[in-house]
Amino acid sequence: MDDALIPEDINGKLLEENRKLLEEVEELRREAKKCAREMRLQSSFLSKITKASEAKDAFNSSLLKANEKQRVYMDMLLQNCPNIIILLNDEGRFVLSTEAFMSAMNTPNFDYIKNLRYSEVFQKCFTDDRMAYFDTAFDRVVKSNEVVRFDAQADFNRSGTPRFYSIELRRAGIELHNHNKDEDDSVSGVLVVMIDLTEVMLEKQNAEAANNAKSTFLATMSHEIRTPIGAILGIVQIEMLKENLPEEYISALEKIYRSGNGLIGIINDILDMSKIETGKLELVPIEYDVPSLINDVVQLNIARISSKPIKFILDADAKLPSTLYGDELRLKQILNNLLSNAIKYTAAGHVKLSVRHFVQDGDIMLSFTVEDTGQGIKPEDQKKLFTEYTRFNHTANRATEGTGLGLSITKNLVAMMGGLIEAKSEYGKGSAFTVTIKQQAVECEPIGEELAKKLGNFTFTGSGQAAGVKIVREFMPYGKVLVVDDVEANLYVAEGLMSPYKIKIETVTDGFAAIERAEQGEVYDIIFMDHMMPRMDGIETTQKLRDMGYNGTIVALTANALAGNDEMFMRNGFDGFISKPIDIRQLNDALNKFIRDMHPEEAEKYKATAAEATPVQTPKASPKLLEIFRRDAEKAVAALRKTVMEDKFRRVNDVSSFTTTFHAMKSALAVIGEDEISKLAFELEKAGNNKDRSFIFSNVENFTNTLENLIIKLTPEISAVSDDESIQEDTAYLSEQLKIIQAACDEYDDEAAYAALDRLQEKKWSTETAAALENIRDMLFLHSDFEEAAKAAKQFAVNNEQ
Amino acid sequence: MIKTITLHTTELDYEDKAVGELLAQLEQGGGLLKNTVGIISCHYEFVLSDIFKAACEALPFEIVGTITSAQSVPGEIDTLLMTIMVLTSDDVEFDTIVTDPLMSGNPGQVISDNYKSSCRAEKPALILTFAPFIAQNCGDEYVNAVTEASGGAPCFGTLAIDDTLDFVNCFMLADKEHHNDKMAMILIYGAVSPKFYVANISESRIFGKGANITKSAGSLLMELNGRHVKEYFDEISMTDAAEQQYAMSSLPFLVDFNDGSPKVSRIFVMFVDGGYALCAAAMPQGGTMYIAKTDGADVLLTAGNAIDEITEDIAGKSALLVYTCISRAMALGGNQLGELELLDKKIGGKIPFMVGNSGGEICPTMVSGEKAINRFHNNAFVACMF
């Protein structure tokens, strides 16, 4: 329609309505926009809340899971922990505990004791004093934050059988991060941990009991075995003291002595091994004289060579210190073991002992090497050398003495001394054992060239030297001793060993009798008191004597090598200690110390007589050597007597002839083992060098008489030389029988071998031949060494035919 | 001395009306002094509806700020609200810097270069920092760059946050425009002594023991106590909680840098490739991390404590600017405006203030000598009063 056709007023109205409509539309649009905005906002708000809520729920769920897991683990810990762990609060009330405590208490549920004070629960479980200690411990922990540990027995289930616990109390607490200021910021209490050591204690007690039982068994066995062996050895020694015994009798006695000593050695080895295993073997270091140690060891082991064709060589360095600080006894044991092995497993050749030293960190490292030309050790056996009870070459060595403990003990001793032992060996050629041991240095001079040479001159070729102890017994008729021993054989041995001293000897068989003698006012220079006696032992007897006021010397005699050492005996009132079997040197030392030295005037009076006392046993030098000595001694006697006679008429100022004679005799006497007389010769030679006429003329008569007596004494042995010269040996028969012996030994037929040896014994042979045959017999009889016997027979037969 | 005037409008439809309200409030505030700058916090709707642009054109001073999900000025608290804190002074001067885009891969260098090319010779008394939320950047980079470039001037600010939690409309506002890739700074020169307050999580909310951060790469947490971080979370049964969307609202961390400075809070974002934990801020290798449990009660408690401290220090101060992390609002559940209401209630008319939610907070934790220890925070209530 045309606008001109629309009336103006109607157009205006329409426009106004249109405008209003448009405004309304705009307003609606704005409202719609607002609504949409509001909806968006609300949607977003709801979304945020939902997401936050979901996150929170997830977090709480996770936390719950985590807490639950922790709780489960905590329960597992509390239920399965084998120890008793209790948490008490600061008032001492039960808060928490492990199941182990519930079991110990025989309580089904912790609720029964929850919140109870510990004293209410523990009162009947601990003794009063332990309960009081627990109270004190609790207070200390709470107040001072200490950790308190103690042991106690507790009978939690009131069974009457308390158990042994190690108990610890300590503070426990944590800080709480609590935003609520009204609540406590921390929780604290006392943690009680109890570890049940009952089983451990029982095992410990059992182990101790077993150990004690073992020690007691060994001590008892040691005593029971050593006592009769001691008696045997003692009696043999007494018999060997007798003069003019037949050769074969002496030989048999020597065999018995050697066997007995061997048995003692075996027991000692077993006891030593037991001590090592139980850690009871202790070193006892003392200051000792190095040359004396070497000398003693050599002396002892030379005797082992017996009749074997073995040369013994000693090579000691002149720079060796003369004194050292260490366990001399154990050192000797080590050397004796090595030397005895070397000699045992060497049929012929040499055994050499070298002694050296070097300084390390201020200590002296002593180095001993024992080399031999013996049978050697196979390479595969060398690894097992130091293993206990191990011996090699069983067939050849099956009767060789020894338990196989020696090297093991040696190795342990060397290790205890901070040392090393090495072995080198070539089978069939020989072995060398080197021991390097740490010893403490002592301010001293080196042994020097002269002494080293003297030691080195100790070079022996084995020629049947018998075991023997060369001591001079001085007469002590002024002395009186009492021997207390419940074993009559031991009394017999003691009497026999002391009779040469001419001491008055009384014997009783128990401690009561000894006390009775003391009560009667008897006083003895020495009471020799056996250690182990029935009813009242030696220690108790000695204590009673001392309590009575008896102040005389009491020396313990003991076969018990385990218990007792000098310290123990000294603590119990003894003045000395001698082990059984009685060591003659120890006995001699004791008699000298407590009798001779206590009566100097009487001792001086009997000194001249003492000079006449013959050595316990003269060394058996070869007859040829003795013959040489005799001739020299006769010449010396003649020379000395002549000079003495001359001096009666005309003062002899020139004593040089004396000096020469004394010098010659000094060496000659030493060579045949007459050390005491040789010493006198040395003193006289010294006096001669110092032109001390007075000393010479005061002692020359005595010396000359001694020489004459010695010549007479040696004459029976020397006469064997002339016997040898008159013997016509049946060499063909000898060769024949030697071949039989060789064949029998190859077949291990000892009967046939002995039969041949017996046949040979019916004829007369030179000393040398007899000694060789005796050697073959020894190889079979003592060692069952068929191989060596066969070799020796073969070699002897070859030499004989040559 | 700074005079502070707070402006606000809820008008989203009529530009004239909105602008009229702002101008009237400005006049009511007694007019402007020689140097003026405005700090804005507003909902994104104000950008969409061009009210922001209209206000920037009408008001005679530079306006810089961020999109926020909720904001308040004295007496006014709302989500659909635009607030402007006007700082005006005769003796204090304000310089504004808008950086180049920060998406290049080295935002720290960009910030540093822009700062150095625009700043004065003297060190500013305070730097206010406003940045968009850029997911691939770590806020620590911004903070460290500003700290280093300024020679340790105290730095306070915020990252934008929208109310959808999709992080798509988190713009920085400056130059009358909204930016998603640039940062703006207000450098304040003159006699200004700012004081800072940080509240995050109560110590009592920490559970378990701290874990040593044995391996990390910026905000990527890789190892705790020498073990893979996922393994650690599994062991403490927190993996499920952590894998929840917005776990940040209930699973914050406290991190000790072990350099003597106070602990700062962090939030976990998500597990990424390799099972590593992406956090919303740097996790310092060699530091110690504590897992905490937060909730609305603790949010209000910690905020309330901070507000109490602020109240004690108010005398002689001109302005209070507060930013509080969106995760704290989420922890409040249905009471998302609770902190804002608390502050309004406690501060009242004592000091002009503006509070806005934040996607990441910037605030110093301590001053060491002449230098501030500026830190980037998550899940924190931070305030600057000067």
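1. In this predicted model, 27 residues of chain A are in contact with 38 residues of chain B, contact being taken as heavy atoms within 4.5 Å. The area buried between chain A and chain B is about 2,800 Å², and carbon and sulfur atoms give 57% of that area; buried area here is the accessible area (1.4 Å probe) that two parts lose on being put together, summed over both. On the side of chain A, the residues that lose the most area to chain B are A:Arg37, A:Lys48 and A:Phe59, which together account for 24% of what that side buries.

2. As to conventions, residues are numbered from 1 along each chain as its sequence is written, while chains are lettered from A and ligands numbered from 1 in the order in which they are written. Local features need pLDDT of at least 70 and side-chain atom pairs count only at pLDDT 80 or more, whereas totals for chains, interfaces and linings use all residues, and side-chain values use heavy atoms, with hydrogens and water left out.

3. Across the interface of chain A and chain B the rule finds 2 salt bridges, a salt bridge being a side-chain nitrogen of Lys or Arg within 4 Å of a carboxyl oxygen of Asp or Glu. A:Arg37, already listed for its loss of area to chain B, meets B:Asp13 in a salt bridge between their side chains, at 3.4 Å from N to O. The residues of chain A that touch chain B divide into 9 nonpolar, 6 polar and 12 charged, where Ala, Val, Leu, Ile, Met, Phe, Trp, Tyr, Cys and Pro count as nonpolar, Asp, Glu, Lys and Arg as charged, and the others, Gly among them, as polar.

4. Chain A holds an open sheet of 5 strands with parallel pairing, in the order β15-β14-β16-β17-β18; strands (E, at least two residues) and helices (H or I, at least four) are DSSP runs numbered from the N terminus, and two strands pair if DSSP finds at least two bridges between them. Because β15 (504-508) and β18 (576-579) of chain A stand at the edges with a single partner strand each, one side of each is left without a neighbour in the sheet. The twist averages 20° from one strand to the next, with axes fitted as lines to C-alpha atoms (for helices over the stretch in contact) and angles running from 0 to 180 degrees between N-to-C directions.

5. Within that sheet, β14 (residues 480-484) and β16 (residues 526-530) of chain A run parallel and are joined by 4 bridges, and A:Val483 has A:Phe528 of β16(A) as its bridge partner. Helix α14 (residues 511-519) of chain A packs on the sheet, touching β14 and β15 of chain A, and its direction makes about 130° with that of β15(A).

6. Chain B has an open sheet of 6 strands with mixed pairing, in the order β5-β4-β22-β21-β25-β13. Its neighbouring strands are turned by 10° against each other on average, direction ignored. Helix α8 (residues 296-313) of chain B lies across β13, β21 and β25 (381-385) of chain B, running at about 165° to β13(B).

7. Over all chains, a search of the whole structure finds 45 salt bridges. One joins the side chains of A:Arg149 and A:Glu168 at 2.7 Å, N to O, linking strand β3 (residues 148-154) to strand β4 (residues 163-175) of chain A across 19 residues.
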